[in-house]
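Work through the exercises below with the sequence and the model open. Try each task before reading its solution.

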Amino acid sequence: MKGYYFITDARLSRAGNVSDVQSALAAGVRVVQYRDKWADDAALIAEARLLRRLCQGAFFLINDRVEVALAVGADGVHLGQKDLSCREARRWLGAGKIIGITVNTMEQALEAARQGADYLGVAPIFATHTKPDAGAPAGLRLLREVRRRVNLPLIAIGGINQDNAPAVIAAGADGICAISAVVTRPDVQAAISGFQRLFG
Ligand code: TZP
Ligand code: MG
């Protein structure tokens with residue numbers, strides 16, 4: 001999971017989810033998370049099916065909705081603290097699927113690891129307007145602490161841009177996700193490539 005991790009955001013996007021995912025794949029992104037809190041079920045499943053077909057060379061994960069992940073044959077899900085627990089999601093998905101869990105504290109990180117998460121989203125690292133209910137910025141301190149105590153891939157998210165990303169990687173992130181710093185840009189592929197280059 002080294003590198004830039006892409007999450008869709010239809011509200012912030014200039015070009016739309018499908019175009020953004022194509023740009024992400026063209027930039028060599030290995031993980032795509034389909035996150036749409038606003039579409040109705042039919043639209044969500046239809047777009048998820050389309051993106052599933054596009055993401056052949058990348059892992060395709062669904063935010064929140066385990067039943068949608070099952071319906072479209074996604075590679076897994078990404079869940080927050082208010083969603084289904086990791087343990088319950090595993091029951092639905094089985095051992096072969098990827099489950100990522102967002103954590104905002106060390107306790108949550110240890111619990112997600114105990115429940116068998118495959119990777120952790122550590123969030124929000126910095127203040128963000130993209131997810132108003134993301135909670136207080138965890139800062140690089142939490143990222144360093146989780147890095148020390150949890151042996152799972154860590155994806156850092158929340159307020160990350162080209163300027164602060166090097167410090168986030170230095171603090172131990174395996175992957176970084178930046179939404180607004182990518183999907184609001186006129187050239188999404190170039191923006192992602194800029195983040196990818198930070199991984200050498
Ligand atoms: N989860 C925690 S923070 C966040 C999500 C989905 C939003 C990150 O967006 P941005 O624009 O990169 O701050
Ligand atoms: Mg969620």
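A nonpolar core is a set of buried Ala, Val, Leu, Ile, Met, Phe, Trp, Tyr and Cys residues joined through C-beta atoms within 7 Å. A residue is buried if 20 or more other C-beta atoms lie within 10 Å of its own, exposed if 12 or fewer, and partly exposed in between, with C-beta atoms placed from the backbone.

This is a predicted model, in which local features need pLDDT of at least 70 and side-chain atom pairs count only at pLDDT 80 or more, while totals for chains, interfaces and linings use all residues. Residues are numbered from 1 along each chain as its sequence is written, and chains are lettered from A and ligands numbered from 1 in the order in which they are written.

**Exercise 1. The core**

Task: Find which residues of the largest nonpolar core touch the most other members, and list what Val-122 touches.

Solution. Step 1: the largest nonpolar core has 63 residues, and those that touch the most other members are Val-122, Leu-143, Ala-156, Val-168 and Ile-176.
Step 1: two residues are in contact if their C-beta atoms, placed from the backbone, lie within 7 Å. With residues up to four places away in sequence left out, Val-122 touches Val-103, Ala-138, Leu-142, Leu-143, Val-146, Leu-154 and Ala-156.
Step 2: Ile-176 lies in strand E9 (residues 175-177); helices (H or I, at least four residues) and strands (E, at least two) are DSSP runs, numbered from the N terminus. Ile-176 is buried because 25 other C-beta atoms lie within 10 Å.

**Exercise 2. Annotated positions**

Task: Which residues does the UniProt "binding site" annotation cover, and is Tyr-34 buried or exposed?

Solution. Step 1: the unreviewed UniProt entry lists Gln-33, Tyr-34, Arg-35, Asp-36, Lys-37, Asn-63, Thr-102 and Lys-131 under "binding site". UniProt positions are given in the numbering used here, feature names are shortened, and annotations may be inferred rather than shown by experiment.
Step 1: Tyr-34 lies in strand E3 (residues 31-34) and counts as buried because it has 28 C-beta neighbours inside 10 Å.
Step 2: Lys-131 is in the loop between E7 and helix H6 (139-149); with 18 other C-beta atoms within 10 Å, Lys-131 is partly exposed.
Step 3: Pro-124 is also placed in the loop between E7 and H6, and a cis peptide bond with omega of about -15 degrees joins Ala-123 to Pro-124.

**Exercise 3. Helix H9**

Task: Determine which residues of H9 are buried and what they pack against.

Solution. Step 1: in H9 (residues 188-197), the buried residues are Val-188, Ala-191, Ile-192 and Phe-195. They lie on the same side of H9 because they cover an arc of only 95 degrees around the axis, the arc being that of the directions from the helix axis to the C-beta atoms.
Step 1: the face turned away from the buried side of H9 carries the exposed residues Ala-190 and Arg-197.
Step 2: the buried residues of H9 pack against E1, helix H1 (17-26), helix H7 (165-170), E9 and helix H8 (180-183).
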